[in-house]
Amino acid sequence: MVFFLGDPLQYQLLLLRELFLPLVVQVKSTASWPKAVSQEVRETLGKFLSSSTYFFSQVNGLTILPMPPIVDNAAPQVSARAAILQTTESVTLDAPERQPAKPAFEAIAAEWMAHARKLMVMDSSAQIKELEAKGRRPGPLFELEFWRRTYTSLTNLGTQLRSESARAVLELLKMAKSTYVDGFQKLLHDLDEAVERARDIHLHLETLRPTLQKLIAANIEELPQLFPAVLHLLALIWMTSKHFTTSRLVVVLQLVCNDITEAVTRFVDCSSLWNLDLHEVVAKLRRGLAVCGHFKSLFFNYRTQVKAACPKREWKFENSSVFLHLDAVMERMRDILEVFKHRRDFSKLDGLQLGGNRGQLYGDSLAKIVAEFDCAANAFRAIVHTILDISSPEFDLHLSDFNLKLKHL
């Protein structure tokens, strides 16, 4: 028994290319097979090799295009172009029955074009939504990494599509007067534009990286000091980049808000709220709200400045598209603040002594009211770890019940 160490996908590709593919491509190996069977086996194995190559490239974060089987198995001294063009004798227009190579190379070209088109239209928004559905909210560095990978992948893709092997496939398709030729040439043009767009966005966004890394590491006191730098750089990127569109700006601002709410959530530390002095809790929540409000205020100031500096390219988008999550977190903090302000006020009544003939009676009634309030407020302890989780409906249910009980006290 043989055990392989390393990536099993890599071994699978190795076996396909070095063992199985030569067996079905070489004429001697399939001479006794019916023609239809050998052709079907070659096509099926070629498709499996292509899908395996794409899967391997995705798993490893690479961009690898499958080459025609004849290139994979060419002799070392034979160039890829020579190996491919050796099949041109089979691609004749006056003898359709002698064209088994043409469909195979058209299939390869179609796969290349489909993969390239898919890569060119990739958008970080879809990936962000997938992460949010899993309860994760990425920061703006996610967007920077997305465009770094996209630029690298598109550049590598362009290199492969202009390689000797790819040019030979295109030359063969031209000789066969294939309908894929025009589409392939248009793809190369569109790919050049996509590479330039990705390069432009990548290089501009990279100027944000040092400041965003500081934003992640900053405490609640340092955070507001970094807001002007972030917004100033975004304004400069917006005014100088040719391809940094409104949708991209909105995404980056949304992700910046994610980092801010993450920092504020760490500062508030909901798990410790019931163990702190009530005045300290109120001060913490107010500080968190002030930091979020400060970012929004600066954003509106920079929006006005961009409009004055670039009247034809102002920030035209709905505020809610940027601050949806930030506003939700702020609203939640305001609700929590109200609960703790009520707790602070009711704590002043605890143990209050009343004089007069009916002082004992009123004192007992007051103690009962305080006890009922404490019971209603302490219900939030059960959800203390998710109290700032906007996606959880538990807080709203507890708050509704709390307000109802408070109304009847």
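V230 sits in helix α11, which spans residues 223-240; helices here are DSSP runs of H or I with at least four residues, numbered from the N terminus. The model is a predicted one, in which local features need pLDDT of at least 70 and side-chain atom pairs count only at pLDDT 80 or more, while totals for chains, interfaces and linings use all residues. Residues are numbered from 1 along each chain as its sequence is written, and side-chain values use heavy atoms, with hydrogens and water left out.

With a relative accessible area of 1%, V230 is buried (buried means under 20%, exposed over 50% and partly exposed in between, for a 1.4 Å probe and protein chains only). Beyond its neighbours within four places in sequence, V230 is in contact with L208, T211, L212 and V256, contact meaning heavy atoms within 4.5 Å. The C-alpha atoms of V230 and L208 lie 7.1 Å apart, although 22 residues separate the two along the chain.

A helix pair comes next. Two packed helices are described by the angle between their axes and the distance between the axes. For α8 (residues 164-175) and α9 (residues 180-206), the axes come within 9 Å and cross at roughly 145°; axes are lines fitted to C-alpha atoms over the stretch in contact, and angles run from 0 to 180 degrees between N-to-C directions. On the α8 side the contact is made by L170, L173 and K174, and on the α9 side by Y180, V181, F184 and Q185.

The loop between α8 and α9 holds K177. Most residues other than glycine have a negative phi, yet K177, which is not a glycine, has a positive phi of about 55°. K177 counts as exposed because its relative accessibility is 62%. Another positive phi, near 50°, belongs to D269, in the loop between α12 and α13 (278-309). At 31% relative accessibility, D269 counts as partly exposed.

Methods: Helix = DSSP H or I, 4+ residues; strand = E, 2+ residues; numbered from the N terminus.
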